[in-house]
Amino acid sequence: MEMLVTPKWLRNKIKTEPDFEIEAGMPTHLLQSIDAFLPADVVPVSAEGEERTLQLKHAFGVLVRSLRLRDELSVEELAAAATVLIEDIECIERDPHAEVRPRTVFKLAKVFRIEPTKMIKISGTTIPVDEELACETLKFAAKSDGVSCLNAEEQQLLGAFIQYLNKA
Amino acid sequence: MMDAALAKLTSHSAVEAAHLQDAHWKWREKHQARSNRFDWESFAVECDGVTQGLMFLRTVGFSRESSQLNLPLAYIDLVSVAPWNRPKLTKTPKYKGVGPLLLGTALSVSVNEGLDGRLGLHSLPQSESWYRDVCKMSELGPDPAYPGNLVYFEFTPAQAQAYLNN
């Protein structure tokens, strides 16, 4: 990661900024006592949760592949349009065990013109809490068979799912 | 002397008292709960082989500030400085600049992740003036959805750039 602050910048801050407290976020003690150790939409992963995440990541891969085929893009062309690595697209489409960076999901959302919040929720990047959204995504993936091009029925199915995503 | 200062300050609000109890650094459990997650990053400032400051950062979040509404941002879940560096607990902090360094790091992550410097956090009461008056973040008021009703702050891209350039 490129650091945007330099030693000179920090020395200047030390010289010019007053001595203030900077603490943010809940103290660990209070978080533990109210069982809110993690934010509401990020929960500890159980074995069942891990299985669910893998299913969702597989479904997300089917969605990305379907959208790419809809737009008649090769993997290379999609990677270029989204300014992400070709390997990232290949991993998303083929490997549910691959870790997907949120930044990649945001960039794909922009290319496919889908609301970023929805893409994040169905990408498996965070634990899904929106059960209805997760279920609809899994249903969509189950009905798509991921062939090299979309037939008329698959186009219709994809269109209906995108409409659902943008409305929900 | 540190214990006496802690005892004096724990007579204040419940939030502040609990936070001071965090001085013994129970952060390891939090880190372990998140260590396999790609959307969480943790940072520690070390000097002389000792942790001087700590931050947990989440790279998935969405802006609430009106000019940036629903745009993705990074969120500081926790940032804290070691008690011996805190001006409220000691008249002679051992190291200065830990807070700005961590905030500068969070902004670097935000920019590197394509989030344009957008950053959010819930400030503890004693820190609000730093975020509002020194960092010049947008103050979005107490958040009733957050335990303790802590005040929520955000950097817009322009504010982040101003802080980094200043």
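Student: What share of the 166 residues of chain B counts as buried?
Tutor: The share is 57% of the 166 residues of chain B. This is a predicted model, and a residue is put in that group when its relative accessible area is under 20%.

Student: What is the figure for the 168 residues in chain A?
Tutor: In chain A, buried residues make up 44% of the 168.

Student: What makes Thr104(A) buried?
Tutor: Its relative accessible area is 4%. The limit is under 20%, so Thr104(A) is buried. Thr104(A) lies in helix α6 of chain A and touches Val84(A), Asp88(A) and Ile92(A), leaving aside residues up to four places away in sequence.

Student: Why is Cys135(A) called partly exposed?
Tutor: Partly exposed covers what lies between the buried limit of 20% and the exposed limit of 50%. Cys135(A) has a relative accessible area of 33%, so Cys135(A) is partly exposed.

Student: What makes Cys47(B) partly exposed?
Tutor: The reasoning follows the 20% and 50% limits again. Cys47(B) has 27% relative accessibility and therefore counts as partly exposed.

Student: How many helices and strands does chain B have?
Tutor: Chain B has six helices and six strands. Along the sequence they follow the pattern α-α-α-β-β-β-α-β-α-β-β-α.

Student: In what order do the six strands of chain B form their open sheet?
Tutor: The order is β1-β2-β3-β4-β6-β5, and the pairing is mixed.

Student: Why is one side of β1 and of β5 in chain B left without a neighbour in the sheet?
Tutor: β1 (40–47) and β5 (138–142) of chain B stand at the edges, and each has a single partner strand, so one side of each stays without a neighbour. From one strand to the next, the twist averages 25 degrees.

Student: How do you know that strand β4 of chain B is joined to strand β6 of chain B?
Tutor: Pairing needs at least two bridges. Five bridges join β4 (residues 119–123) to β6 (residues 151–155) in chain B, so the two strands pair, and they run antiparallel. Within this pair, Ser123(B) stands opposite Val151(B) in β6(B).

Student: Which strands does helix α4 of chain B touch?
Tutor: Helix α4 (residues 98–112) packs on the sheet and touches β1, β2 (50–58), β3 (74–81), β4 and β6 of chain B. Its direction makes about 30 degrees with that of β2(B).

Student: Where does helix α6 of chain B lie?
Tutor: Helix α6 (residues 157–165) lies across β5 and β6 of chain B, and runs at about 75 degrees to β6(B).

Note on methods. Residues are numbered from 1 along each chain as its sequence is written. Chains are lettered from A and ligands numbered from 1 in the order in which they are written. This is a predicted model: local features need pLDDT of at least 70, side-chain atom pairs count only at pLDDT 80 or more; totals for chains, interfaces and linings use all residues. Side-chain values use heavy atoms; hydrogens and water are left out. Helices (H or I, at least four residues) and strands (E, at least two) are DSSP runs, numbered from the N terminus. Axes are lines fitted to C-alpha atoms, for helices over the stretch in contact, and angles run from 0 to 180 degrees between N-to-C directions. Contact means heavy atoms within 4.5 Å. Buried means under 20% relative accessible area, exposed over 50%, partly exposed in between (1.4 Å probe, protein chains only).
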